[in-house]
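Here is a short walk through one structure. Look at the chain before reading on.

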Amino acid sequence: MQIILYLSAALIAIAFFVLVIYLAKTLKSLQGTLTSVSHTLDGLEKQLNGVTTETTLLLQKTNALAEDIQQKSESLNSVVEAVKDVGTTVSKFNGTLQNITHSVDQQVEESKEKISQIVQWGNILLELKDKWQARKQPKQEVNVVERQRVRSH
């Protein structure tokens, strides 16, 4: 029985030895993996520092651009106000022009009758003149005929 005990102890020792060998190989493999991960993390840290620097620069440029846009927006507001004032002025001018046009139209309508009467009186005067000249012309013809008679005698 003692032999079985020794054999069991030897078997346990061999099993423990095999376990230690495989455990050592696993730990060595794990060490390589961890070293690789460590190098990868170092590279990532450098890249992250670069990205952080670029992000900071981008943020500064964005802030400067936002300020520039704000200033230009304020300048544009004054231009918009000026254009609005011009629009108001044009609207007022248009209203004034419409009032003047309406006033002229009213005066023309009111003057139509007077103009018509003036034209009628003018026509009457022209007819009277034509009639007066027509009466005067036969007398002149008679005088011309008489003068010719006197000269011929």
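D68 counts as partly exposed because its relative accessibility is 30%. Buried means under 20% relative accessible area, exposed means over 50%, and partly exposed lies in between (1.4 Å probe, protein chains only). K72 counts as exposed, because it reaches 53%. The side chains of D68 and K72 meet in a salt bridge, 3.3 Å from N to O. A salt bridge here is a side-chain nitrogen of Lys or Arg within 4 Å of a carboxyl oxygen of Asp or Glu. A search of the whole structure finds one salt bridge.

This is a predicted model: local features need pLDDT of at least 70, side-chain atom pairs count only at pLDDT 80 or more, and totals for chains, interfaces and linings use all residues. Residues are numbered from 1 along each chain as its sequence is written, and side-chain values use heavy atoms, leaving out hydrogens and water.

Where do D68 and K72 lie? Both are in helix 1, four residues apart, about one turn of the helix. Helices (H or I, at least four residues) and strands (E, at least two) are DSSP runs, numbered from the N terminus.

Helix 1 covers residues 2–152 and also holds I21. I21 counts as partly exposed, because its relative accessibility is 35%. Together, I14, F17, V18, I21 and Y22 make a nonpolar surface patch of about 500 Å². Such a patch joins nonpolar side chains (Val, Leu, Ile, Met, Phe, Trp, Tyr) within 5 Å, or like charges within 9 Å, using residues with over 30% relative accessible area and no salt bridge.

Now take the whole chain. Of its 153 residues, 0% count as buried.

How values were computed: Accessible areas come from the Shrake-Rupley method with a 1.4 Å probe; for residues, only the protein chains shown count as cover.
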